[in-house]
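Here's a quick briefing on aromatic contacts. Take a look at the model first, then we'll walk through the rings.

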Amino acid sequence: MTILIEQSDHFGAEVEAKTEPINERELVLDGGFLIPQTNSFGHMFRAYNDAVSERREGVENFYRKNHTYQSVDFVKKMREEYAKLNRVEMSIWECCELLNEVVDESDPDLDEPQIEHLLQTAEAIRRDYPDEDWLHLTGLIHDLGKVLNLPSFGGLPQWAVVGDTFPVGCRFDESIVHHKYFKENPDYNNPAYNTKYGIYSERCGLNNVMMSWGHDDYMYLVAKENSTTLPSAALFIIRYHSFYALHREGAYKHLLNDEDVENLKWLHIFNKYDLYSKSKVRIDVERVKPYYLSLIEKYFPAKLKW
């Protein structure tokens with residue numbers, strides 16, 4: 001999910017998600033989930049440009065930093081640093097509770113603790129896909145990588161944690177929001193990185209592509225290195241749910257291999273639940289907790305290295 005978070009320190013920024021009108025033909029998902037026309041505040045989902053136009057300066061400031069600093073060298077540095085998984089040891093549910101104290105105050109669709117969004121996503125999927133328990137758990141954990149914001153996880157600035165993600169090491173597609181700020185990126189004029197394929201090749205597979213660093217790639221890394229038994233589609237969703245240039249705009253498909261193409265189908269399903277399941281209806285955490293604890297036990301070790 002692309003997240004909008006207001007930051008009060010010197011990194012101060014807000015993260016924009018592009019607005020797309022709801023397609024009437026897509027109001028009902030495959031499983032029967034009815035997409036609401038408005039969010040819990042009566043506005044269009046992800047409607048930043050009109051409803052909250054006063055945030056535009058902060059949004060652009062965020063993407064100016066994000067697009068300037070998210071380079072090949074930066075991503076390599078972050079991957080190397082966080083691959084150590086030496087910051088915290090805790091369970092998946094403990095991480096969920098850690099996020100319970102985080103309220104995304106500038107998310108236009110929800111002002112509840114983050115665990116509310118995780119459970120709303122998971123429960124909406126569970127109702128429509130009751131036999132796909134791996135997808136229920138994916139809904140619960142997909143945003144846990146946002147712990148990167150917390151001091152014990154490095155306290156990374158917002159531009160290194162949230163926002164739409166994109167490949168580095170090849171040309172920045174023009175569908176990426178605020179594309180103009182890539183001109184300040186050191187990779188922009190590097191002939192090794194500024195062509196359609198850059199350092200990649202046709203159908204090389206997204207697993208071989210470096211994405212801009214953030215909560216998506218971090219949670220993927222945590223799950224994979226802690227030997228989760230979730231299927232590849234789940235890991236794909238976790239890693240690329242903020243890759244809107246791909247799953248919303250259709251860019252970068254020349255890099256997909258056959259497995260990516262299949263997994264993208266699940267990401268399209270997941271994204272609608274991720275985006276449209278937000279509401280002011282609270283989830284009874286204690287009621288659903290035993291079910292999700294059983295899924296965590298099924299797909300993850302008791303304690304994970306983060």
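Let's start with a charge and a ring: Arg126 lies over the face of Tyr291, 3.7 Å from the ring centre. Keep in mind that this is a predicted model.

**Tyr129 and Trp266**
- This pair is edge-to-face, because the planes sit at 65°, above the 60 degrees needed, with the ring centres of Tyr129 and Trp266 6.2 Å apart.
- Distant parts of the chain are linked here: Tyr129 is in the loop between α4 (114–128) and α5 (133–141), while Trp266 is in helix α9 (residues 258–276), 137 residues apart.
- Tyr129 counts as buried, with 13% relative accessibility.
- Trp266, on the other hand, is partly exposed, at a relative accessible area of 25%.

**Trp134 and Trp266**
- Trp266 also pairs with Trp134: the centres are 5.0 Å apart and the planes are at 80°, so this one is edge-to-face too.
- Trp134 belongs to helix α5 and Trp266 to helix α9, so the pair ties together parts 132 residues apart in sequence.
- Trp134 has 10% relative accessibility, which falls under the 20% cut-off, so Trp134 counts as buried.

**The cluster**
- What do the ring pairs link into a cluster? Tyr129, Trp134, Trp266 and Tyr273 are the members.
- Among these, Trp266 is the partner of Tyr129 in one edge-to-face pair and of Trp134 in another.

Methods
Residues are numbered from 1 along each chain as its sequence is written. This is a predicted model: local features need pLDDT of at least 70, side-chain atom pairs count only at pLDDT 80 or more; totals for chains, interfaces and linings use all residues. Side-chain values use heavy atoms; hydrogens and water are left out. Rings of Phe, Tyr and Trp (its six-membered ring) pair if their centres lie within 6.5 Å; planes under 30 degrees apart count as stacked, over 60 as edge-to-face and the rest as tilted. Helices (H or I, at least four residues) and strands (E, at least two) are DSSP runs, numbered from the N terminus. Buried means under 20% relative accessible area, exposed over 50%, partly exposed in between (1.4 Å probe, protein chains only). A charge sits over a ring if NZ of Lys or CZ of Arg is within 6 Å of the ring centre and within 35 degrees of the ring normal.
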